[in-house]
Amino acid sequence: MQIKTILNRVRKFKSFVYGSVRCIEGASVPTLEIELQPRLNTRAVCSGCGVKRPGYDRLPERRFEFVPMWGHKVFFVYAPRRVECFDCGIRVERLPWVAGKRRLTDAYTWFLAGWAKRLSWQQVAAAFRTSWDHVFCSVERAVVWGRAHQDLSGVQAIGVDEIAWQRGHRYLTLGYQIDSHCKRLLWIGEKRTVRSLLRFFRWFGKERSQALGFICSDMWKPYLKVIAKKAGQAIHILDRFHIMSHLSKAIDEVRAQETKELKAKGYEPVLTKTRWLLLKRPENLTDQQDTKLSELLQYNLRSIRSYLLKEEFQLFWWYISPYWAGVFLDKWCTKTMRSKIEPMKKVARLLRRHRPLLLNWFRAKKQFSSGIVEEFNTKAKLTTRKAYGFRTYHATEIALYHALGALPVPKITHELF
Ligand SMILES: [Zn+2]
């Protein structure tokens with residue numbers, strides 16, 4: 001069997017045929033060159049208008065990198081024709097294996113982009129002996145293609161979230177689809193301002209925004225404002241993950257403050273190294289941590305009382321009726337307001353202010369995938385952290401869309417791997 005035969009099986013072109021296959025001696029990496037020729041009696045297609053036009057001349061041979069094979073780099077070699085087009089003038093012909101003036105064939109581009117979903121970009125570059133830039137360009141093209149071809153119909157529920165990006169307080173706003181049948185990242189924007197979210201809605205379109213049934217978000221004021229304005233008909237839900245993280249942050253603050261005070265007064269340092277005891281869910285503690293927690297609970301410390309308040313609040317999510325959930329919420333807030341622990345009181349005030357939105361959770365409970373915002377948040381952080389090369393916003397954006405966008409791919413991807 002010849003290499004040509006295999007190529008014709010995976011990548012057959014109507015107007016071009018494979019010619020000889022040469023092995024290049026003395027190259028730093030073993031290299032195969034596969035010659036391509038126009039099929040007899042076919043005319044070249046103008047790259048400007050896509051119509052068959054009479055030939056003009058032929059350019060020197062060019063190499064286009066194809067999917068590597070058995071440790072060999074593989075190149076297509078072809079001398080492009082130029083056409084004399086009535087509409088566009090003298091133009092290079094359109095080639096079915098490559099877009100524009102690129103050096104990587106479409107097949108290789110999709111191949112690299114596909115692997116970049118499974119491995120880090122660095123690893124892909126190393127595995128296929130190519131550069132980080134080639135991997136990046138491939139992923140970028142896959143994202144641009146995928147976003148142009150994705151189907152946005154039927155989106156019922158969306159989640160809005162933000163992640164800190166780079167060091168300091170730079171944020172990204174992320175919009176997800178969180179329907180139970182389809183979960184994906186839809187949109188990314190810089191910062192977390194009114195304007196960021198307005199840009200999301202502008203991109204998403206008025207009609208689609210007004211057809212939304214559910215929106216899940218944090219209690220971040222700019223978001224609340226924009227959501228009310230742009231999709232007022234949707235049930236707005238404050239998600240569990242963000243509310244619980246407000247409580248965790250409060251506990252952290254109380255504990256840090258109290259540790260300092262105890263130290264200053266010369267008490268036994270019972271609170272040092274207890275951060276995770278108080279933040280982890282009890283069922284996730286190790287035996288040793290569990291014992292330590294029991295010891296800690298004997299002290300009547302503000303940290304401990306805050307911890308117990310947070311654990312008690314977990315019960316809130318188990319209610320079925322919004323009415324009784326509301327009763328529970330009011331009681332919890334009253335109790336917390338009496339605790340005299342300022343960071344906890346702050347959360348209680350916040351929850352009181354957003355009572356109707358909090359209770360929407362029970363109205364919408366089974367109609368969207370509730371844990372998904374947290375899941376996406378974790379994955380998004382991992383994606384931005386994993387890639388050291390993402391110094392720019394653009395690269396971060398591309399990486400996130402590629403990892404979380406569930407973007408469509410063309411048929412060619414299935415043929416090659
Ligand atoms: Zn033309």
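**Figure 1. The zinc site is built from four cysteines.** In this predicted model, the zinc ion has C46 (SG), C49 (SG), C85 (SG) and C88 (SG) as its protein donors, lying 2.3 Å from it. Donors are N, O and S atoms within 2.8 Å of the metal (3.2 Å for Na, K and Ca); water is not among the atoms, so sites may look incomplete. The site is tetrahedral, with angles of 103 to 117° among the four donor atoms. The ideal angle for four tetrahedral donors is 109.5 degrees. Along the sequence, the donor residues follow the spacing C-x2-C-x35-C-x2-C. C46 and C85 link distant parts of the chain, 39 residues apart. C46 lies in the loop between β2 (31-38) and β3 (55-58), and C85 in strand β6 (residues 81-85). Helices (H or I, at least four residues) and strands (E, at least two) are DSSP runs, numbered from the N terminus. C46 is buried at 0% relative accessible area, and C85 is buried at 5%. Buried means under 20% relative accessible area, exposed over 50%, and partly exposed in between (1.4 Å probe, protein chains only).

Numbering starts from 1 along each chain as its sequence is written. Local features need pLDDT of at least 70, side-chain atom pairs count only at pLDDT 80 or more, totals for chains, interfaces and linings use all residues, and side-chain values use heavy atoms, with hydrogens and water left out.

**Figure 2. F200 and W203 pair within helix α5.** The structure holds 31 aromatic pairs. This one is tilted, at 6.1 Å centre to centre and 40° between the planes. Rings of Phe, Tyr and Trp (its six-membered ring) pair if their centres lie within 6.5 Å; planes under 30 degrees apart count as stacked, over 60 as edge-to-face and the rest as tilted. Both residues lie in α5 (residues 194-204), three residues apart, about one turn of the helix. F200 is buried at 1% relative accessible area, whereas W203 is partly exposed at 28%.

**Figure 3. Helix α5 has a set of buried residues.** These are S196, L197, L198, F200, F201 and F204. Their cover includes β8 (157-165), β9 (170-179), β10 (182-190), α6 (206-210), β11 (214-217) and α7 (221-230). Just after α5, G205 takes a positive phi of about 95°.

**Figure 4. Aromatic rings cluster, and arginines sit over rings.** One aromatic cluster is formed by F13, F16, Y18, F64, F66, F76, Y78 and W97. The charged end of R63 sits over the ring of F75, 3.9 Å from its centre. R118 lies over the face of W115, 5.1 Å from the ring centre. A charge sits over a ring if NZ of Lys or CZ of Arg is within 6 Å of the ring centre and within 35 degrees of the ring normal.

**Figure 5. C333 has no disulfide partner.** The whole structure has zero disulfides. A disulfide is a pair of cysteine sulfur atoms within 2.5 Å. The closest cysteine sulfur to that of C333 is in C216, 19 Å away, so it is too far for a bond. C333 is buried at 1% relative accessible area.

Figure 6. T130 counts as buried, at 14% relative accessibility. Leaving aside neighbours within four places in sequence, T130 is in contact (heavy atoms within 4.5 Å) with Y108, L112, A125 and V135.

Note on methods:
Tetrahedral: all angles 85-135°; square planar, octahedral: opposite > 155°, others 65-115°.
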